[in-house]
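Keep the model open, try each task yourself, and then follow the solution step by step.

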Amino acid sequence: SGLLVSYLGEEKGDCPLLGGIAYSPAYDIDRAFGRAREPYNTHVTRSLLQDYILPNRTLFECLENLQDCLDAKNLDELHHEIYEIAGFESYSAFDAACNPMHVIDEIRVPLLIINALDDPVCVGENVIENQHHIQQLPAGILVKTRRGSHCTFYEGWRGGSWAHRIMGDYLSALSGAARRN
């Protein structure tokens, strides 16, 4: 979600996309991951290390801060050390290029953002702290729910996601509006 929001903001009015969807975004990535709740914080950190960094360790051995990444105990520590793996010389350069909050106010295409206030990874404080940005967008829609966790938003006995239905309807509406124009 962060990369998409950054792209939409960087492109401003020249964006070739009809719109976008940010699904359980973190918002200000410089602050957001320090708020992630346990046990999800530790679990997601371990998963990222085991699934992405360790299998590619030989590619990253030339990086000065690889060991700092491997020693990260939580998402905030990992996020603040990942800059070299992401191709940046410093955390500040990484943040300047990748933090969507630096360019969110420049978005000119429709943007649907879906968040749950009980999200243990991208917590409700992130949403509340940044919702004024969405309210100022020309075509920003924030769907903010009390429950939904991180990227789930299940309903019914079989646990289907209503968020996927809304996203599909939203993209269909964008496509239909583009065909009419």
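**Exercise 1.** Does Leu171 count as buried, partly exposed or exposed, and what is its relative accessibility?

*Solution.* Keep in mind that this is a predicted model.

- Step 1: Find Leu171 in helix H9.
- Step 2: Recall the cut-offs, with buried under 20% relative accessible area and exposed over 50%.
- Step 3: Leu171 has 44% relative accessibility, so it counts as partly exposed.
- Step 4: For a sense of distance, look for Cys15, which is 156 residues from Leu171 in sequence. In space, the C-alpha atoms of Leu171 and Cys15 are 16 Å apart.

**Exercise 2.** Describe helix H3, and find out which of its residues are buried and on which side they lie.

*Solution.* Begin with the helix as a whole, then go around it.

- Step 1: H3 runs over residues 40-53, which makes 14 residues.
- Step 2: From its first C-alpha to its last, H3 reaches 18 Å, close to the 20 Å expected at 1.5 Å a residue.
- Step 3: The buried residues of H3 are Asn41, Thr42, Thr45, Leu49 and Ile53. They cover an arc of only 100° around the axis, which means that they sit on the same side of H3.
- Step 4: Now turn to the other side of H3, where His43 and Gln50 are exposed.
- Step 5: Look at what covers the buried residues of H3: helix H4 (57-60), helix H5 (66-70) and helix H6 (75-81) are included.

**Exercise 3.** How many salt bridges are there, and which parts of the chain do they link?

*Solution.* Side chains of opposite charge can pair when their charged atoms come close.

- Step 1: The count comes to four salt bridges.
- Step 2: Take Glu129 and Arg31, whose closest N and O atoms are 3.4 Å apart in a salt bridge. Glu129 belongs to helix H8 (residues 124-136) and Arg31 to helix H2 (residues 29-32), so this pair ties together parts that are 98 residues apart in sequence.
- Step 3: Both partners are partly exposed, Glu129 at 31% relative accessibility and Arg31 at 42%.
- Step 4: Next comes the salt bridge of Arg37 with Glu125, where the closest N and O atoms are 3.1 Å apart. Arg37 is in the loop between H2 and H3 and Glu125 in helix H8, 88 residues apart, and the pair links distant parts of the chain.
- Step 5: Glu155 and Arg165 also meet in a salt bridge, at 2.8 Å from N to O. Glu155 lies in strand E4 (residues 154-155) and Arg165 in helix H9 (residues 162-180), so here the parts tied together are 10 residues apart in sequence.
- Step 6: Finally, look for a network of salt bridges, which links Arg31, Arg35 and Glu129.

**Exercise 4.** Which residues lie nearest the centre of the largest pocket, and which element gives the most to its lining?

*Solution.* Rolling a probe the size of a water molecule over the atoms shows where empty space is left.

- Step 1: The volume of the largest pocket is about 870 Å³.
- Step 2: Its lining has 33 residues, and those nearest the centre are Ile29, Phe33, Leu48, His79 and Phe94.
- Step 3: The elements giving two or more residues to this lining are helix H1 (2-11), strand E1 (20-23), H3, H6 and helix H7 (91-98).
- Step 4: H3 gives the most to the lining of the largest pocket, with four residues.

Key. Residues numbered from 1 in each chain as written. Predicted model: local features only at pLDDT ≥ 70, side-chain atom pairs only at ≥ 80, totals over all residues. Heavy atoms only, no water. Expected span 1.5 Å × (residues − 1). Buried < 20%, exposed > 50% of the residue type's maximum accessible area, 1.4 Å probe, protein only. Arc of directions from axis to C-beta. Contact = heavy atoms within 4.5 Å. Salt bridge = Lys/Arg side-chain N within 4 Å of Asp/Glu carboxyl O. 1 Å grid on protein atoms, 1.4 Å probe; cavity = no way out; pocket = protein on both sides within 12 Å on 5 of 7 lines; lining within 4 Å. Points joined across faces, edges and corners; volume = space filled by probe spheres on them.
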